[in-house]
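Keep the viewer open while you read.

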Amino acid sequence: MSLEIKDLHAQIPGREILKGLNLTINPGEVHAIMGPNGSGKSTLSKVLCGHEDYEVTSGEVLLDGQNILDMAVDERSRAGLFLAFQYPHEIPGVSNANFLRAALKARLPKGEDIDAVKFYKQLYARMDQLEMDRSFTSRSVNEGFSGGEKKRNEILQLMMLEPKYAILDETDSGLDIDALKIVSRGVNAMRSENRGFLVITHYQRLLNYIQPDIVHVLMDGQIVHTGGKDLALKLEEKGYDWVKEEMLAAAA
Amino acid sequence: MVSAPDILEPVETEAPDISDIRVDSVGDFTFPERNKFDSGFGITEKTIDYIADVKGDPDWIREFRHKALKVFQEKPMPTHWATKDLENIKFDEFRYYLSDGQKPKRSWDEVPEDVKKTFDRLGIPEQERKFLAGVEAQYDSEAAYSNIKAAVEEQGVIFVNSTEGLHKYPEIFKKWFGKVIPTGDNKFSALNSAVFSGGSFIYVPPGVKVKHPLQAYFRINSEQFGQFERTLIIADEGAEVMYMEGCTAPKFETATLHSAVVELVAMKGAKIQYVTVQNWSSNVFNLVTKRGIAHEDAEVRWIDCNIGSRLTMKYPGVIMKGRRARGEVISIALANSGQHQDTGAKMVHAADETTSNVISKSISIGEGRATYRGLVHIPKHLKGCKNNTECDALLINPNSRTDTYPAISVRGNQHATQHEASVSQVSADQIFYLMQRGLTEAEAMSLSVNGFINDLVKEFPMEYSVELKRLIDLEMEGSVG
């Protein structure tokens, strides 16, 4: 049982972005991926979810043993993969509550519906954890939300959908320190031995609140360095140059 | 009126979620014809006399029909502005009157079995029990069932079909019939005037507010047939009524014609709401003329949803004849491949301080085409008139098409008008976002479309808004992948 990425190559027309990426996330683990701009961090999250802009040219992604690369976006989601978007989309006219109901219902056998009372009970409890006002249930998904509200809403969806593997794509961007704490609290509440996390971030700051078990450095489409949580501190302090130098030294 | 709260929030309401109900096709079934009366193909003087004989028309109606036939024959097709597809209507290949010769029944048990099965399947008796004040169910040319709740009848409300209306209540009927929409208004109003049969006649006495909606359902069962119902609704001073109509037809190999005329009269301080949810099969030419007159302080609201048909041309209008009268058109049109929804609104301000509001949303799927045509007329001698027009179009696929032709003529400088239009697309990123949460592509598309029209759907009575969402789901299912 794990999310296993094996020698993954992916491209947009004319440019390879992921160049043989290997990574295994076991349930219960929190992995952080850091890396300079353009290293392929966001691409990785989209490729894992099946975004049509990216073509996988070789490699495998196994979710608990099942290759998900041939699966449609929605099938991967229902198989247990969740992405907290860096830029969550607005869905005009569709209320948050209805959106979540539809998403939960999509996981049930055809013809079955979720228990509305239970649903709202859970929704309200989760919203309380994220200090979200109840009015967010009837507001259109992300429409008119501030950057911080959108990120909280992503974590609310994560909490309601309870995926096996969650990818957080720069969830800390655009958050002030208070919002960062709240969002992290939500994520930490979801940490469990049955769930794996992949936290993509530019900044070590987030990792003070969501403490990773393993930190990876992504450069030029490959994982080039792996370490413990101290690695994030070192990157914050020294930047990425030393990683490059190490790579060059290793290559020489 | 039972207005829909946020139907996307089914917790407070009993409304089932859209995706709960699934059928293959709402109205695509038919029963064998059992017509005692059949006017045969084509339309001539003889056809008119046949219909007038069968229906036992008084002389003035027979004469009215004959005059209308001449107008129909003389008027050209409006193809100088409308679609050329109108030329594909072969008037000789339709039958203009079909009925089994039975009077409308007041109990479903007395309705012939096939007809009863048809309306059962369309959910009409169930809706009647649940929330309607009265129902008229028309099958081809005549009503098969017509009933009004005793409590409403005791208030003096008249709700019958047009034939019964003109026979039993000539003094009210004659005063307004053909006055809101004259025979010569357009080619199809003339055609309807010549061969009309069925439709509702409603009169609400002064001060009576009909609490629950009255509903008519128009069902076409026969092939190569034209349905021409004629509806006249009069709300006397201070009266209020809501009328709802639904329509379906099976899909035949050949074209079907539906051409109704609907006239509304709202006397001083009265309020009429006319709600349509039509779901024609894709071979129906649906060419309908609908107009209301609003007297002083009166209000006429058209809430119109057009799904299906090959070509729909419909521009509900309000003539605001009295001071402070209000007119409103709220419309949703959904055009799928092979369909053209040519819809809009006409707002004629004919008194001071009159207010009109038009909100139109259209969705084009596949190669579907949605057209908005609006006319707002405010003459120079009036003061204090207001109009608001908003039309928004949503395109689903790269080949989908939308056109907007707003004509707003405002003379004088003591009025306020505003017009807004937008065209948007459901973006690939929006669909990706929804699918990442586990929705299939069709579900994601449905949810997006329902979101686009959500603010208008709230204007429909709840029972209809649920139906509407279900119909949209069905339309979206085949549109992706």
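In this predicted model, the largest nonpolar core counts 206 residues, and the members touching the most others are B:I202, B:A235, B:V241 and B:A266. Helix α10(B) gives the most to this core, with eight residues. Both domain 1 (1-19 + 428-469) and domain 2 (20-427 + 470-477) of chain B give residues to the core, so it lies between them.

Let's zoom in on one of those members. Leaving out residues up to four places away in sequence, B:A235 touches B:V204, B:E240, B:V241, B:A266, B:M267, B:A270, B:K271 and B:I272.

Now for the domains themselves. Chain B splits into domain 1 (1-19 + 428-469) and domain 2 (20-427 + 470-477). Taken over C-alpha atoms, their centres are 26 Å apart. Domain 1 of chain B puts 28 residues into the contact, and domain 2 of chain B puts in 27 residues. On the domain 1 side, the elements giving two or more residues are α9, α10 and α11 of chain B. The largest share of that side, nine residues, comes from α10(B).

On to the meeting of the two chains: 24 residues of chain B are in contact with 28 residues of chain A. On the chain B side, α9 (428-436) and α10 (441-457) each supply at least two residues. Once again α10(B) turns up, giving the most to the side of chain B that touches chain A, with seven residues.

Here is the make-up of these two sides by class.

What covers the buried residues of α3(A)? The cover includes β7 (91-95), α4 (116-129), β8 (140-141) and α5 (147-161) of chain A, together with α10 of chain B. Helix α3 (residues 96-105) of chain A is mostly covered, with eight of its 10 residues buried. Those buried residues are A:N96, A:A97, A:N98, A:F99, A:L100, A:R101, A:A102 and A:A103.

Back in chain B, there is an open sheet of 10 strands with mixed pairing, in the order β4-β3-β7-β10-β13-β15-β18-β20-β22-β24. The edges belong to β4 (142-148) and β24 (416-425) of chain B; each has a single partner strand, so one side of each is left without a neighbour in the sheet. Direction ignored, neighbouring strands of this sheet are turned by 5° against each other on average.

One pairing to look up is β3 (residues 134-139) of chain B with β7 (residues 214-219) of chain B: six bridges join these strands, which run parallel. There, B:Y139 stands opposite B:R219 in β7(B). Helix α11 (residues 462-477) of chain B packs on the sheet and touches β10 (240-248), β13 (271-280), β15 (299-308) and β18 (326-335) of chain B. The direction of α11(B) makes about 25° with that of β13(B).

Chain A has a strand pair to look at too. Five bridges join β11 (residues 214-219) and β12 (residues 222-227) of chain A, which run antiparallel. A:V217 has A:H225 in β12(A) as its bridge partner. The two strands, β11(A) and β12(A), form a hairpin with two residues between them, and A:D220 in the turn has a positive phi of about 50°.

Notes. Residues numbered from 1 in each chain as written. Chains lettered and ligands numbered in written order. Predicted model: local features only at pLDDT ≥ 70, side-chain atom pairs only at ≥ 80, totals over all residues. Contact = placed C-beta atoms within 7 Å. Helix = DSSP H or I, 4+ residues; strand = E, 2+ residues; numbered from the N terminus. Buried ≥ 20, exposed ≤ 12 C-beta atoms within 10 Å, placed from the backbone. Pairing = 2+ DSSP bridges. Axes fitted to C-alpha atoms, helices over the stretch in contact; angles between N-to-C directions. Domains from an automatic or database assignment. Core = buried A, V, L, I, M, F, W, Y, C linked by C-beta atoms within 7 Å.
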